Every structure is written in structure tokens, then in C-alpha cells.
Amino acid sequence: MKAYTPAEVQAALSEATVAGWQLHATTGEIFKQFKFENFVAALEFVNKIGVIAEELQHHPDITINYNRVNLSVTTHDAGGLSALDFKLAARANGL
């Protein structure tokens with residue numbers, strides 16, 4: 001998998017399918033916080049993300065804080081962001 005150039009990253013972040021995702025200036029990952037009504041709803045979302053991650057064989061970092069879920073992704077094998085990161089981001093937004 002090929003890492004995106006900075007221009008490709010910016011173009012990908014401008015796509016509507018990944019609305020709300022941001023580039024972390026220090027780590028180079030993309031990240032987003034999702035907020036839910038309660039812990040149970042947040043946990044249900046995380047379980048759905050787990051299914052998507054297994055389908056894509058691409059696993060995000062996940063943090064749950066009561067009703068907030070933080071996701072961050074990068075493609076370690078590519079040494080940066082790749083199409084796979086944005087595919088996972090779009091699928092997460094689709095939930």
C-alpha cells in the first residue's frame with residue numbers, strides 16, 4: 001500500500017464521505033471523535049467498527065470515554081496515510 005502525498009491527504013480530507021475527520025499535526029494520523037447518547041450506544045458503535053476493521057484488515061486506535069469514541073488511523077506498513085485509512089473513515093461516518 002502506497003502512502004499518500006500531503007496533497008493527496010488534503011484532497012482526501014476534503015471529501016464529504018470523511019467529514020469531520022482531521023489530520024493530527026504531530027502524529028500524521030487522521031482522527032475523529034464521535035459522540036453518542038450514552039455508554040451503551042458508544043459501545044455498540046465500537047462493535048460495528050470492529051466488524052469493519054476486520055473486513056478491511058485495518059484496525060484503528062479506539063478510545064471510549066463514556067459516550068465519546070475517539071478513532072485514529074494510519075497505515076503503519078505504508079509509513080503514513082493511505083487509501084485504506086480514508087476507506088475506514090468513510091465507513092465509520094456511514095454508521
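R91 is partly exposed, with a relative accessible area of 32%; here buried denotes under 20% relative accessible area, exposed over 50%, and partly exposed the range in between, computed with a 1.4 Å probe on protein chains only. The structure is a predicted model, in which local features need pLDDT of at least 70 and side-chain atom pairs count only at pLDDT 80 or more, while totals for chains, interfaces and linings use all residues. Residues are numbered from 1 along each chain as its sequence is written, and side-chain values use heavy atoms, with hydrogens and water left out.

Side chains of opposite charge can pair when their charged atoms come close. A search of the whole structure returned two salt bridges, a salt bridge being a side-chain nitrogen of Lys or Arg within 4 Å of a carboxyl oxygen of Asp or Glu. In one of them, R91 pairs with E55 at an N to O distance of 2.6 Å. E55 belongs to helix α2 (residues 39-56) and R91 to helix α3 (residues 83-94), so this pair ties together parts that are 36 residues apart in sequence. Helices (H or I, at least four residues) are DSSP runs numbered from the N terminus.

The salt bridge between K2 and E8 has its closest N and O atoms 3.2 Å apart. K2 is exposed, at 55% relative accessible area, whereas E8 is partly exposed, at 31%.

Helix α2 also contains E44, a partly exposed residue with a relative accessible area of 46%. Between E44 and P60, which are 16 residues apart along the chain, the C-alpha separation is 16 Å.

Terms used: Helix = DSSP H or I, 4+ residues; strand = E, 2+ residues; numbered from the N terminus.
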